Amino acid sequence: MDASPAAVVDLTKYVDETAADHRPAVRGRRIPIATLAHAAATHGWTVAEIAHQFQLTEAQVAAGLLYYEEHREAIEAAEAVYQQALDDAHDQANHASLIS
């Protein structure tokens, strides 16, 4: 059996790597790729179900999930930074409301 090289797919048609908050997102939709991966993992949704829930095409979802698999470590690190920033902002808002 001849092992041919894997096809290279350009995911930049579907994924914007420079989206807001430095989190890769579905191109033109600003839906974070991590959100798609979370929906698949947490809810067990199929590509079709995710596409329906987020009003995306199945190609957009499949590309997003593939991108996530190829960049999981970097995406999870960026998500941790983003979540920490949200937590810090929440803590500051709570602290400010206690002072006033």
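Me: Is E79 buried or exposed?
Reply: Happy to start there, with the reminder that this is a predicted model, where local features need pLDDT of at least 70, side-chain atom pairs count only at pLDDT 80 or more, and totals for chains, interfaces and linings use all residues. Residues are numbered from 1 along each chain as its sequence is written, and side-chain values use heavy atoms, leaving out hydrogens and water. Buried means under 20% relative accessible area, exposed over 50%, and partly exposed in between, with a 1.4 Å probe and protein chains only. The relative accessible area of E79 is 18%, so E79 is buried.

Me: Which residues does E79 touch, not counting those up to four places away in sequence?
Reply: E79 is found in helix α4; helices (H or I, at least four residues) and strands (E, at least two) are DSSP runs, numbered from the N terminus. Contact means heavy atoms within 4.5 Å. With residues up to four places away in sequence set aside, E79 touches R23 and A34.

Me: Over the ring of which residue does the charged end of R23 sit?
Reply: A charge sits over a ring if NZ of Lys or CZ of Arg is within 6 Å of the ring centre and within 35 degrees of the ring normal. For R23, the distance to the ring centre is 3.7 Å, and the ring belongs to Y82.

Me: How confident is the predictor, and what is the mean pLDDT of the chain?
Reply: pLDDT is the predictor's confidence in each residue, from 0 to 100. In the chain, 93% of residues reach 70 or more, and the mean pLDDT is 90.

Me: Which residues touch the most other members of the largest nonpolar core?
Reply: A nonpolar core is a set of buried Ala, Val, Leu, Ile, Met, Phe, Trp, Tyr and Cys residues joined through side-chain atoms within 4.5 Å. In soluble globular proteins, nonpolar side chains tend to be buried together. The largest core here has 18 residues, and those touching the most other members are I33 and L36.

Me: Which elements give two or more residues to this core?
Reply: L36 gives a view of the surroundings: leaving aside neighbours within four places in sequence, its contacts include I50, F54, V61 and L65. The elements giving the core two or more residues are α1, α2 and α3.

Me: What does the side chain of Q60 reach at 2.7 Å?
Reply: Q60 has its place in helix α3 and counts as buried, at 16% relative accessibility. Not counting residues up to four places away in sequence, Q60 touches Y14, V26, R27 and R29. At 2.7 Å, the side chain of Q60 reaches the backbone nitrogen of T57.

Me: What is the phi of R30, and where is this residue found?
Reply: R30 lies in the loop between β2 (25–26) and α1 (33–43). With a relative accessible area of 65%, R30 is exposed. Although R30 is not a glycine, its phi is positive, about 60°.

Me: What is the phi of Q55 near?
Reply: Q55 is in the loop between α2 (47–54) and α3 (58–70), and its relative accessible area of 65% makes it exposed. Q55 is a residue other than glycine with a positive phi, near 55°.

Conventions: Polar contact = N/O pair within 3.5 Å; in protein donor to acceptor, adjacent residues only side chain to side chain.
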